[in-house]
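Dear colleague,

Please find below the sequence and structure that I am handing over to you. My notes on what was found follow directly after.

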Amino acid sequence: MFWADKFAADASGDRIIVNDSKTPSGRVHVGSLRGVVIHDAIYRALKHAGKSVTFTYGVDDYDALDTVPHYLDQAKFSPYLGQPLCNVPSPEATATDYAKYFMGEFLEVFEHLGVRPEIYYLRDLYRSGKMNQYIDLFLNNAHLVREAYKEISKADRPSNWYPFQTICENCGKIATTVVTDYQDGKVFYTCQPNAMEYVKGCGHTGWVSPFDGNGKLPWKVEWVAKWEVVGVSIELAGKDHSQKGGSRDVANSICRKVLKKNPPTHAPYEFILVNGTKMSSSKGVGSSAKEIAALLPPELLRFLMLRTQPRSVINFSPNYDTIARLFDDYDRLIKCHEIYLQPLPTEEEILDRILNPPTQKRKPSDPMFSLGDIAQPSPALLYSQLNDEKEVKTYHPFDFQVLISLLQIPHLDLEAEIVARSSNPLSDRDWEVVRDRIRVGKAWLQDYADEEEKLVLYLDSMPDKAHNLTTEQVNYFEILVTNLKADVNWEGEELQNLLFRTSKQLEISQKSAFAAVYYTFLNKERGPKAGSLLSYLDKDFVIQRIKDAIALNLTANNS
Ligand SMILES: [Zn+2]
């Protein structure tokens, strides 16, 4: 059973609320999308299981600004360190405040991915008084909260420590205040100069009401209050919060001790490891959720998050291998889904297949499965769609790796080439997909591709490395020219076979044979599949270039 469906099968209750949340402290990293998409899949699975379910998403904007991100004006924002994010000004006039600005960016990505939870802001929960009852409860049971911290995370809080932070009436900071008493509906607080390493308090003290937005609960306690106010039934948490003795354990313990009830269903999910230092520093683009969402089609980005079990790490970097594999895997599932959508074979057809088995060898480009083999669609594919109706709009995929190469060949009529290389006429849907892939390919080449990943063809001049071929390589080229001149179908797979065959004829090592080809066209030792590479080029040009290389090296060897 698919992991999201398993959650749905295990969930009980009349009204289920799936919740996730985020502190909008700056530009959101693509890794933060994992939780969003995981919760969305669980929500959809519950819906499909016929359960009454709501997906809520909390914006923790009463959290303090604890660092000024490097891409913001340090001088402008440093004075706001320690203040609630919703009270910090917006970096641009497009939003009312800092929290709404960065959350707005993130919500655009939600929309792009077809994720539509009910959004709520903590500022509203606090200011509307919805949290009051729980603030009072936790302040009155401060000893139980302290006990939970001590038992679970071994954190010792002094006996006059209360689980609350007021917004200092003098300096507006929330991170620096410490509450040491609670009486007659008021807390006594001190804005401590040495409370935090990153910001100093102003020293102000006073009695103030903790209600109606005057402050917040520490976030492990706030988490529990949120579960109650929102009515959360399922909330997963990232690995960082889910360690033994970590924040989720502490929150669970507070929930049991103070509220005397079980916390919502929990499961940890792993990180997404992004290895992208090179591209982020040199290209000016990075791995923020917004940037990756601008690169990848939304279904592919969902697929990246969903095809892996939540407990497994996802390694993602927008390099050639990872991106090409992602498209390839997705396209494979699309091909399988096409087959799944076909009607089951009739008895006559089955009989016919047994009596007349296909004699042709299956080409590697064929789908892995055949008619009737696929009884169920792939859940990862279904949950990757933007609609949650479990409908997949299929298409005939055009190989993304070939597309990336074609995009780099100068003076090429790309669309004509795509038509020539497709076995069937392209439908409107096929064109829609292939044109979007062209967009992705161009963006990837421009913003993410390393120089080594680019296909630089030497069309107008002989590359330097082609000047130093070995005698063996020259001999290989001589036979190759003869073989290429024969009646060859100028197609990647066949040319690849021909290159192999020729190397066997001469008993030259494949490595050396293929290197000769790459030197002569790319000035590199390695490259994309050599057969495909030659198929992108004109036959006469290829033969002439190889002849030129032979001549050049013969002259060099003789002199
Ligand atoms: Zn202060």
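**Findings**

β1, helix α2 (residues 33–48) and β2 make up a right-handed β-α-β unit. A crossover is called right-handed if, with the strands pointing away from the viewer, the path from the first strand over the helix to the second runs clockwise. Helices (H or I, at least four residues) and strands (E, at least two) are DSSP runs, numbered from the N terminus.

Please note that this is a predicted model: local features need pLDDT of at least 70, side-chain atom pairs count only at pLDDT 80 or more, and totals for chains, interfaces and linings use all residues. Residues are numbered from 1 along each chain as its sequence is written.

**The parallel strands**

Strand β1 (residues 15–22) pairs with β2 in the parallel sense over eight bridges; two strands pair if DSSP finds at least two bridges between them. On its other pairing, β2 runs parallel to strand β3 (residues 118–121), with four bridges. V59 takes part in both pairings: V59 is the bridge partner of K22, and Y121 in β3 is the bridge partner of V59. Six of the eight residues of β2 (residues 52–59) are buried, so this strand is largely enclosed by the rest of the structure. A residue counts as buried if 20 or more other C-beta atoms lie within 10 Å of its own, exposed if 12 or fewer, and partly exposed in between, with C-beta atoms placed from the backbone.

**The chain as a whole**

The protein chain holds 24 helices and twelve strands. Its radius of gyration is 31 Å, well over the 24 Å that the globule rule gives for 559 residues, so the chain is more spread out than a compact globule. This radius is taken over C-alpha atoms, and the rule is 2.2 Å times the number of residues to the power 0.38. The C-alpha trace spans about 100 × 70 × 40 Å along its principal axes. Of the 559 residues, 37% count as buried.

**Domains**

The chain is divided into domain 1 (3–122 + 221–273), domain 2 (143–216) and domain 3 (464–558), with bounds that come from an automatic or database domain assignment. Between domain 1 and domain 2, the C-alpha centres lie 23 Å apart. In domain 1, 18 residues are in contact with 19 residues of domain 2; a contact requires C-beta atoms, placed from the backbone, within 7 Å. α8 (219–231) and α10 (247–259) each supply at least two residues of the side of domain 1 that touches domain 2. The largest share of that side, six residues, comes from α10.

**The antiparallel strands**

Strand β5 (residues 177–183) and β6 pair in the antiparallel sense over six bridges, and V179 has Y189 in β6 as its bridge partner. Two residues lie between these strands in their hairpin, where D184 takes a positive phi near 45°. β6 is also joined by four bridges to strand β7 (residues 205–208), again antiparallel, with F188 opposite W207.

**Confidence**

The chain averages a pLDDT of 90, and 94% of the residues score at least 70; pLDDT is the predictor's confidence in each residue, from 0 to 100. Over residues 276–284 it stays under 50. The pLDDT is also below 50 over residues 362–372. Where pLDDT is low, the predicted coordinates should not be read in detail.

With kind regards

How values were computed: Contact = placed C-beta atoms within 7 Å.
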